[in-house]
Amino acid sequence: MDGSTRARALRKLCCDQGWEELCARDRKLSAAPTTLLSAASTGATNRRLLSPEENLSLSTNIGTLLRLLRPHFLHPSAHKVLEYLIRRYQVQQYNVNEMMTCALPYHDTNVFIMVLQLLHL
């Protein structure tokens with residue numbers, strides 16, 4: 001399996017299945033902007049090569065998505081979406097504050113500990 005096939009398979013599992021499951025649980029999510037999870041977003045983004053303006057715009061969109069995921073943080077479908085955001089957009093490095101805001105209400109869970117271990121603090 002080559003890199004592009006793996007990226008498509010990851011996006012299908014994380015975005016198509018995970019996001020659709022979350023939208024079925026919470027109708028508010030279906031109105032959310034999902035450009036971060038679209039089929040056009042299969043390749044890795046090297047955020048070091050993006051301009052400051054591009055990184056700011058991407059971070060804003062990621063922050064919005066993470067705020068929407070917060071109430072569903074413990075659901076396995078949310079974990080799929082987070083996995084995609086980590087692999088595709090390196091949110092554990094570039095969106096530490098947003099990831100902490102998403103995970104902090106669940107500070108007494110094992111999932112929080114796993115997220116904390118991933119973050120570049």
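Residues are numbered from 1 along each chain as its sequence is written, and side-chain values use heavy atoms, with hydrogens and water left out. In this predicted model, local features need pLDDT of at least 70 and side-chain atom pairs count only at pLDDT 80 or more, while totals for chains, interfaces and linings use all residues.

## The core

Start inside. The largest nonpolar core has 32 residues. Such a core is a set of buried Ala, Val, Leu, Ile, Met, Phe, Trp, Tyr and Cys residues joined through side-chain atoms within 4.5 Å. Buried means under 20% relative accessible area; exposed means over 50%; partly exposed lies in between (1.4 Å probe, protein chains only). Trp 19, Leu 69 and Leu 85 have the most contacts inside this core.

Helix 1 (3-25), helix 2, helix 3, helix 5 and helix 6 each supply at least two core residues. Helix 3 gives the largest share, seven residues. Helices here are DSSP runs (H or I, at least four residues), numbered from the N terminus.

What does Trp 19 touch, not counting residues up to four places away in sequence? The list is Cys 14, Leu 29, Ala 32, Thr 34, Leu 37, Leu 65, Leu 69 and Val 81. A contact means heavy atoms within 4.5 Å.

## Helix 5 and its cover

Helix 5 spans residues 96-103, and its residues Val 96, Met 99, Cys 102 and Ala 103 are buried. Viewed down the axis of helix 5, its buried residues fall within an arc of 125 degrees, so they line one face of the helix. The arc is taken from the directions from the helix axis to the C-beta atoms. An α-helix has 3.6 residues a turn, so residues three or four places apart point the same way.

## Salt bridges

The model has two salt bridges. The rule asks for a side-chain nitrogen of Lys or Arg within 4 Å of a carboxyl oxygen of Asp or Glu.

| Salt bridge | Distance, N to O |
|---|---|
| Glu 21 and Lys 80 | 3.6 Å |
| Arg 87 and Glu 83 | 2.3 Å |

The pair of Glu 21 and Lys 80 links distant parts of the chain. Glu 21 is in helix 1, Lys 80 is in helix 3, and they are 59 residues apart. Glu 21 is partly exposed, with a relative accessible area of 34%. Lys 80 is also partly exposed, at 23%.

Arg 87 and Glu 83 both lie in helix 3. They are four residues apart, about one turn of the helix. Arg 87 counts as exposed because its relative accessibility is 54%. Glu 83, at 32%, counts as partly exposed.

Now for some single residues. Gln 90 is found in the loop between helix 3 and helix 4. Is Gln 90 buried or exposed? Gln 90 is buried, with a relative accessible area of 17%. Phi of Gln 90 is near 50 degrees, a positive value in a residue other than glycine. Most residues other than glycine have a negative phi. Apart from neighbours within four places in sequence, Gln 90 is in contact with Thr 45, Arg 47 and Leu 85. Gln 90 and Asn 46 are 44 residues apart in sequence, yet 8.6 Å apart in space, C-alpha to C-alpha.

Arg 47 also has a contact with Asn 55. Asn 55 lies in helix 2 and counts as buried at 15% relative accessibility. Asn 55 touches Leu 50 as well.

His 72 sits in the loop between helix 2 and helix 3. Why does His 72 count as buried? Its relative accessibility is 8%. Leaving aside neighbours within four places in sequence, the contacts of His 72 are Leu 22, Arg 25, Asp 26, Leu 29, Ala 78 and Tyr 106.

## A surface patch

Ile 113, Leu 116 and Leu 121 make a nonpolar surface patch of about 290 Å². Patch residues have over 30% relative accessible area and no salt bridge; like charges are joined within 9 Å, and nonpolar side chains (Val, Leu, Ile, Met, Phe, Trp, Tyr) within 5 Å. Accessible areas come from the Shrake-Rupley method with a 1.4 Å probe, and for residues only the protein chains shown count as cover. Ile 113 is in helix 6 (residues 110-118). At 38% relative accessibility, Ile 113 counts as partly exposed.
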